[in-house]
Amino acid sequence: MTLPFKTTLEIPLIAPLALLFILTISFVGSLSANTGSIAFVGATIIDGTASAPLQDAVIVITDGRIRSVGPRSAVTIPANAQQIDVSGKVIMPGLVNAHGHVGNTVGLGTGAYTTENLLRQLSLYARYGVTTVYSLGGDEEQGYALRNSQFNADLDRARIFVAGSVVLGDTEAAIRAEVNRNADMGANYIKVRVDDNLGATEKMPRLLFDALVDQAHIRRLPVAVHLFYLDDAKYILNAGADLIAHSVRDMPVDREFIDLINAKNVCYIPTLTREVSTFVYESVPGFFADPYFLKEVEPAIISELSTPEYQSRMQNSAAAQGYKVALTVAMDNIQRLREGGVRIAMGTDTGPPARFQGYFEHMEMHMMVDAGMSPLEAIRAATGVAADCMNAGDVGTLEPGKWGDLIVLGANPLDNIENTKSIESVWIAGNRVPE
Ligand SMILES: [Zn+2]
């Protein structure tokens, strides 16, 4: 549906020329302000906050944003609202992927960064219920442009936020210049790597890392860090980093780390499915038989990932086998972090080849539950907590004033996290995402 941009309530406040313009837009979209409201009636609502789910609830969206939400008895439905009966269904916020990459991959190849490819991937995320994605690196002009054009009531693809380039440089001056270039383009985050690819490459020297954090903070931008080792994780927290974008995977996290990350109020993004993608194609993965995976992936990609050549390359890759062990460490660490009260946000590192956008976000939540989180904790990590961690502001929970980004499910994910896949429809700014 198309919603009008403005309600008639604002008309007395605006200049005549603008009035004419807005009336024109309104008449194109609809003939009365109230047709801009949509009400979902009768569902169980998991709102993404710490509150208990609401039974037999109503949520009203007007002009793309949530106007009211609550038990049926407490919500007034506007007279001319379009009503949708969702009794027996479950509504939850659209998923927020705190760590993805958008725009560069087609099939199993890269280098295809175009507006068309960005939109294709943002629509793919949206069909899987991922309504916001933080693209942490590899972002170019077209990605920024889509970020800038998404704050309106006719959006029906996933929202994108961007980090620009992954910052590299051999000198402090080069690092500061690259931070400035990303900041000048309007990046939401500054992204940096401090790992060594399991010993295969040099880590960024700590003096350069310190300069990067300093420059990012001068530009009032948060720093998201790709890391692997516990020792580096402690270092970057003390140096002022703002987000841990992957699991600590070399050893169990300790009390010192948990106290430090909590004291610094920094969030932790496990990206468990990133590890999975590094080794799982050494044989045919179970999810190649999941209809929910098959409905979006091209058969040619499955064929290529299933060839003996591809499989033996992974079987014989030291990196693949190293990351397979790292995943068990990462899974164990989730339970320690959870018990330590650390804020954990759902993120996947999807986007690069064979890290399947949309499907892997559901797998990630399932793995978070396998690692010891409750289904409600995993859902909060993928909605309200992720939005909080990323300073997303007006997405991630179903509360008045937030964008109307939500998922209608046929089965309750609190009974079984696998039920996040029972998506019947996805809505962004109150618009149904095309299937
Ligand atoms: Zn990444």
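Me: Which residues in helix 4 meet which residues in helix 5?

Reply: Please note that this is a predicted model. From helix 4, Glu172, Ile175, Arg176, Val179 and Asn180 take part, and they meet Leu208, Ala211, Leu212, Gln215 and Ala216 in helix 5. Sorted by class, this contact has 6 nonpolar, 2 polar and 2 charged residues.

Me: What are the angle and the axis distance between helix 4 and helix 5?

Reply: Two packed helices are described by the angle between their axes and by the distance between those axes. Here helix 4 (residues 172–185) and helix 5 (residues 206–218) pack at an angle of about 30°, and their axes are 9 Å apart. The crossing of helix 4 past helix 5 is right-handed.

Me: What is the order of the strands in the open sheet?

Reply: Strands of a sheet pair through backbone hydrogen bonds, in either a parallel or an antiparallel manner. This open sheet has 4 strands in the order 11-12-13-14, with parallel pairing. Strand 11 (190–193) and strand 14 (267–268) each have a single partner strand, so one side of each is left without a neighbour in the sheet.

Me: How many bridges join strand 11 to strand 12?

Reply: Strand 11 and strand 12 (residues 223–226) run parallel and are joined by 4 bridges. Val192 stands opposite Val225 in strand 12. Helix 5 lies across both strand 11 and strand 12, running at about 175° to strand 11.

Me: Which residues touch the most other members of the largest nonpolar core?

Reply: That core has 120 residues, and those touching the most other members include Ile190, Leu212 and Val225.

Key:
Residues numbered from 1 in each chain as written. Predicted model: local features only at pLDDT ≥ 70, side-chain atom pairs only at ≥ 80, totals over all residues. Core = buried A, V, L, I, M, F, W, Y, C linked by C-beta atoms within 7 Å. Buried ≥ 20, exposed ≤ 12 C-beta atoms within 10 Å, placed from the backbone. Axes fitted to C-alpha atoms, helices over the stretch in contact; angles between N-to-C directions. Helix = DSSP H or I, 4+ residues; strand = E, 2+ residues; numbered from the N terminus. Left-handed = near helix turned anticlockwise from the far one by under 90°. Contact = placed C-beta atoms within 7 Å. Nonpolar A, V, L, I, M, F, W, Y, C, P; charged D, E, K, R; others polar. Pairing = 2+ DSSP bridges.
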